[in-house]
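Visitor: I am new to this structure. Please pick one part and take me through it closely.

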Amino acid sequence: MTRMTRRALIASAALGALLATAACNVDQGNTTASPAGATGGASSAAPKALKVGWSTIYLAPSWMQQTLQMLEEDVAKLKAEGKVASYETFNANGDTSQQIAQIQAMITQKYDVILVDAGSSTALNPVMEKAVAAGIVVVNFDSLVTSEKVIRVGTDQVEWGRLTAQWLADKLGGKGEIIAMNGPAGVSVSEERWKGAEEIFKKYPDIKIAANVHSEYNLAPAAQAFASAYSAHPTITGVFSQGGALSAAALQTLVKQDKKLVPITGENYNGFLKLWADKRKEGFSSIATAQPNYLAVIALRAAVAKSAGTAVPSTITVPLPEITDENLDQFVKPDQPDDSYPIQPIPQSEIDKLLGA
Amino acid sequence: MRNRLDLLGLCALLAMVLVVYQRLDPTLLHPSTITILSAQFLPLILAAAGQTIVMLTGGIDLSLGAVLSLGMAVFVIYPPDAPGGVVAAMALALAVTVLAGAANGVLVAYAGLPPIIVTLAASFLWGGVTLIVLPQPGGHVPEGLVRAYNLGWHGLALPAIAIGVALGLWKLVKTTHFGLALYAAGGNEHGAYANGIDTRRVKIYAYGLAGLFTGLAGIGLAIQTGSGDPTIGVPYTLNSIAVAVLGGISFFGGVGQMRGTLLGALLLGLLTNLLLFTGISTFYQMILQGVVLIVAVAVKTLATRKAVA
């Protein structure tokens, strides 16, 4: 065999393999693209069943997995009612450019509804506005964009910072030394929560911020970050933390090093709630709020309502739940993994109220 | 001869992807679709061009994503009513990214540090500087420019033209003394040095030129998104390496064509879009992307090895 033919063989084998993958993709694409249930389910009088897609910046974190599950459950309900024809999830895996491509692809494929959990608060604006101009109902939830042309469903992140920082300031009696545990620098959610917290701390000149730590919203990097900040400032009397994994990391460190338990603000991260419930009898105290997973369900319901011609407010601010020493037992789930986000489901009447306002 | 075969193989792959794409999106060849796709691919193509130049010297640029974000940040914070407007903003952004690139080059050439270490350190450095320049997403890009870029300007696909101009620029650079010296120094540094090529200066120029392409990619991304985002560039580091490798650029320097990188970028971009159209589960999409990349590189390596043996 000559070198040329051998090379040609290798090349054709590669082509064949790729063609096969591509072909099988196409087949799969066709089957998912023609929703079998939709034609049977929708009566001629009802509005057309919707083609719904969700583009999210990450799918791997447990919060996202829980959100996906909640969303899929609600999609199943809406499918049974003939309101949704098909549903698809797109994961940008942290790449905002990829997310732009996803939304672009959904416009090309004539989706009726695009749900977006945004990777950047500004970068998706042009493509989302383009989708709106193409007559698509675009609803953004959780991590919000700045565009006012799409429907946005979220909580007030600045208020999150204010709420928890105020509790801490009260708990400390207006004086003390704290470590601030923030999310990654340059990320809107993190900047906004800290903005709210700073507003409060400015009112208390006797509260000294010994260290302002940035880390991923993940247990391992947060634990490292807290441990080094704490070793430099072992005399702190409190911790302002703006994420559950960050709070858990701080509390775990204090417990492991057998140090005095100071008040730490938190989030509905089950690992933190469990530890809190366990240490409550030793006098540990906290407040936690939540970015509820049902934001996705409210977003979907808002899209369905808007598609049916109902007026929906363009900004839907969902109240922040409050978890305290008193109602902690209603939230904490001792039998569930640390990496879950227990939350009480939102009643339909509350969703209706938020959409009708 | 071998180079030509590689490019032909890439062209064949690309043609096949295009045929499948056309089946799923019949508007593929409409001007508006070409505008959309080129707007989407421009940042990746330019970033990969920058990475290619560094790889031709035998180096690798892990700071590319950070420098891209930095260029983007400088571009969007320049006040729109300041003298020179958007042109001055571009010039300033490019000056910054060229200097950032050249700084890598100086450390690699004169301190003799491995490129992977220098550029890794630079990625933290410029990542931090970017957050000082632009602490959170925002900034200003003229709206008319955003619209013209994304939707076309008098029917012209501006991003496609920009890609053409950038590659034309590279073609010019390649014919100069520097262009020849770059391949020579990348292929055999000692040989090139013995033949009177100032390999240190070549490296500094090469990293600086890579900074220029990276800066252009950042500006493109800013215009595409109508804003700046200090953390958006990170995935471009690895994507640009993947594209360059797919395009046949050797890790060991001196081997590869910019045309190959362009084809690689188009291939990876179109393939990603294709997977979006098929509606298969999102985790399988990632697996498929990985498999395609490995298969493409493995086949190429195999073919090359046989040719050498």
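Guide: Start just after helix α5 of chain A, where A:G135 takes a positive phi of about 85°. Helices here are DSSP runs of H or I with at least four residues, strands are runs of E with at least two, and both are numbered from the N terminus. Residues are numbered from 1 along each chain as its sequence is written, chains are lettered from A, and ligands are numbered from 1 in the order in which they are written. The model is predicted, so local features need pLDDT of at least 70 and side-chain atom pairs pLDDT 80 or more, while totals for chains, interfaces and linings use all residues, and side-chain values use heavy atoms, without hydrogens or water.

Step back into the helix itself. In α5(A), the buried residues are A:N125, A:V127, A:M128 and A:A131. Buried means under 20% relative accessible area; exposed means over 50%, and partly exposed lies in between, with a 1.4 Å probe and protein chains only. These buried residues pack against α4, β3 and β4 of chain A. Contact means heavy atoms within 4.5 Å.

Take α4(A) next. This helix covers residues 96–108, and α5(A) covers 125–133. The two pack at an angle of about 10°, with their axes 9 Å apart. Axes are lines fitted to C-alpha atoms, for helices over the stretch in contact, and angles run from 0 to 180 degrees between N-to-C directions. α4(A) and α5(A) are therefore roughly parallel to each other. That label covers angles under 35 degrees; over 145 is roughly antiparallel, 65 to 115 roughly perpendicular, and the rest oblique. On the α4(A) side, A:I100, A:I103, A:Q104 and A:I107 take part. They meet A:V127, A:M128, A:K130 and A:A131 in α5(A). An α-helix has 3.6 residues a turn, so residues three or four places apart point the same way.

Now the sheet. Six strands of chain A form an open sheet in the order β2-β1-β3-β4-β5-β11, with parallel pairing. At its edges stand β2 and β11 (315–317) of chain A, each pairing on one side only. From one strand to the next, the twist averages 15°. Two strands pair if DSSP finds at least two bridges between them.

Walk across it. β1(A), residues 50–56, is largely enclosed by the rest of the structure, because six of its seven residues are buried. Seven bridges link β1(A) in parallel to β2(A), residues 84–91. There, A:K51 has A:S86 as its bridge partner.

A:T56 stands opposite A:D117 in β3(A). From β3(A), four parallel bridges lead on to β4(A). A:V116 is partnered there by A:N140 of β4(A). Helix α11, residues 295–307 of chain A, packs on this sheet. It touches β1, β3, β4, β5 (151–154) and β11 of chain A, and its direction makes about 160° with that of β4(A).

Look at one residue here, A:I114. Leaving aside neighbours within four places in sequence, A:I114 is in contact with A:G53, A:I103, A:M106, A:I107, A:A131, A:I136, A:V137, A:V138 and A:V139. A:I114 also belongs to the largest nonpolar core, which has 111 residues. A nonpolar core is a set of buried Ala, Val, Leu, Ile, Met, Phe, Trp, Tyr and Cys residues joined through side-chain atoms within 4.5 Å. A:I114, B:I53, B:F75 and B:W170 touch the most other members of that core. Its largest share, 14 residues, comes from helix α2 (residues 31–56) of chain B. A second, separate core holds 73 residues, among them A:V139, A:V153, A:Y230 and A:A250.

Finish in a loop. A:N93 lies between β2 and α4 of chain A. Its phi is near 55°, a positive value in a residue other than glycine. A:N93 counts as partly exposed, because its relative accessibility is 44%.
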